[in-house]
Amino acid sequence: MIEARAMDPDTEPEAFARGLLEAHGLPSRPLEATGGWSNRVWLAPGHVVRLSQGRFRDAFAHEARVLRLLPPDVPHAGVVAHGAVGRREWLVLERVPGRPLGDVWKALSEGRRQSAIAQLGELLRALHNVRLPTGFDNPWLHDAFAPGGDLRDAYHAPPHLYRRLIDAAWRVPGVDRAMLEQVDAFIGSRLGAFGDEPTALVHSDVHFANLLWDGDRIGALLDFEGSRPAAPDLELDTLLRFCREPEHYPMIPGETSSLTAHDLASVTQWLSGAYPALFAHPRLSERLAVYEALWHLTQLLHFPPGSGPPDPWGHLLRSVEGGHQPVQQAAAQDQRFFAAE
C-alpha cells in the first residue's frame with residue numbers, strides 16, 4: 001500500500017483525486033464528482049478515483065486484492081493503484097464503459113432484460129468458482145465481531161453468530177423485549193438449515209446500482225469491498241431485497257429510484273434459469289429468512305423503532321408474524337423453488 005502523506009483529502013478532496021491521477025501519469029481533466037454510498041468518487045476520462053471515509057479498516061486494500069483474483073468471466077474494473085492517508089484509503093480503478101443497470105432497465109426490451117439477468121447468472125457462477133487464498137476473509141467484518149468491535153458494521157453476519165446481534169439489540173431504545181425473544185426463536189429454529197456447506201467468494205451487495213450495462217452486455221460488477229467467503233446463496237439476500245424494495249436502492253444516493261417491484265417481477269425466475277444451483281438448497285426459504293432477519297438486526301442498530309424508513313424493526317416483526325417471506329414474494333412466478341420443501 002502506498003502512503004500519500006503530502007496530500008490532504010480532508011481539505012481539498014477533489015485536488016487530492018486530481019493529484020493522484022497526475023502522480024500516476026493519468027489524464028485528470030475533466031474530473032466529475034459522482035455519488036457514492038459510503039465513499040467519495042470522481043470520474044476521470046479513463047479512470048475512477050475513490051476516497052474512503054476511513055470507517056472500515058483496509059476496505060480498499062481488500063477490494064484491490066479481490067479484484068486481482070477475478071477472472072475475465074467476472075467483468076470488473078481493473079486496479080491501477082491503491083494506498084492510504086492515515087486511515088483513509090484511496091483507490092484508482094480503470095473506468096469501465098456503461099451506465100448502472102437500474103438507469104436503463106425500464107428502457108430495455110423484455111428480451112434484453114432477460115439477457116442481462118442470464119449474464120448476471122453466469123457472472124455469479126464464475127465469481128463463486130474463484131479459488132480463494134488460505135485465510136482469506138473480510139477485514140472489517142472480522143473487526144465487527146472482534147472484542148470491542150462495532151456490531152453496527154456486521155453486515156451479512158454469519159448465522160451462527162446471530163445471538164451477538166440479539167444481545168446488541170437488547171440495548172436499542174424502543175425495542176419490545178418480548179418481541180425480540182420471538183425474533184431470537186425465529187432465527188434459532190431455522191439454524192438447522194445451515195451446516196457444513198462449502199463456501200465461495202460472494203460479492204454480498206449485488207443490485208442494479210452495482211452493475212454497469214454497456215449496450216447489450218454487463219460491463220462490470222462494481223464495489224467489492226464487502227465481498228467475503230460465505231455460502232453462495234447469501235448472494236440472494238441483497239438481490240431479492242432489492243427486487244422487493246428497489247426504493248431503498250436508488251442509482252444515486254439521496255435520489256428517488258424510478259424502479260418498482262413490478263418492474264423487477266421476473267428477475268428471480270430468469271436468474272434461477274441461468275444459475276439453478278444458487279436456488280438448489282432444499283431449505284432455501286429458511287436460509288433466506290435467516291439472512292433477512294440478520295440484515296435487519298444489524299440495521300436496527302442504526303435505525304431504532306420509530307425512526308422511519310428503512311424500518312428494520314417493522315421488517316423483523318413481519319418476519320416473525322409470517323407476513324414477510326423473502327423467497328416467496330420475489331419468486332411467486334416460479335414455484336419450482338419450493339417443490340422440495
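Visitor: What makes two strands a pair in this predicted model?

Guide: Two strands pair if DSSP finds at least two bridges between them. Strand 7 and strand 9 (residues 211–213) are joined by two bridges. That reaches the cut-off of at least two, so they count as paired. Their directions are antiparallel.

Visitor: Which strands form the open sheet, and in what order?

Guide: Three strands form it, in the order 7-9-10, with antiparallel pairing.

Visitor: Why is one side of strand 7 and of strand 10 left without a neighbour in the sheet?

Guide: Strand 7 (99–100) and strand 10 (218–221) each have a single partner strand, so they stand at the edges. Helix 4 (residues 110–128) packs on the sheet and touches strand 9 and strand 10. The direction of helix 4 makes about 45° with that of strand 10.

Visitor: Why is Leu101 called buried?

Guide: Buried means under 20% relative accessible area. Leu101 has 1%, so the term applies. Leu101 belongs to helix 3 (residues 101–104). Leaving out residues up to four places away in sequence, Leu101 touches Leu108, Ala116, Phe208, Leu211 and Trp213.

Visitor: What makes Glu89 count as charged in the lining of the largest cavity?

Guide: Glu is in the charged class, along with Asp, Lys and Arg. Glu89 lines that cavity, as do Arg55 and Glu225. By class, the lining has three charged, five polar and three nonpolar residues. The space inside is about 70 Å³.

How values were computed:
Residues are numbered from 1 along each chain as its sequence is written. This is a predicted model: local features need pLDDT of at least 70, side-chain atom pairs count only at pLDDT 80 or more; totals for chains, interfaces and linings use all residues. Side-chain values use heavy atoms; hydrogens and water are left out. Helices (H or I, at least four residues) and strands (E, at least two) are DSSP runs, numbered from the N terminus. Contact means heavy atoms within 4.5 Å. Axes are lines fitted to C-alpha atoms, for helices over the stretch in contact, and angles run from 0 to 180 degrees between N-to-C directions. On a 1 Å grid over the protein atoms alone, a cavity is a set of points where a 1.4 Å probe fits but cannot get out, and a pocket is an open set with protein on both sides within 12 Å along at least five of seven lines; lining residues have an atom within 4 Å of a point. Grid points are joined across faces, edges and corners, and a volume is the space filled by probe spheres set on the points. Buried means under 20% relative accessible area, exposed over 50%, partly exposed in between (1.4 Å probe, protein chains only).
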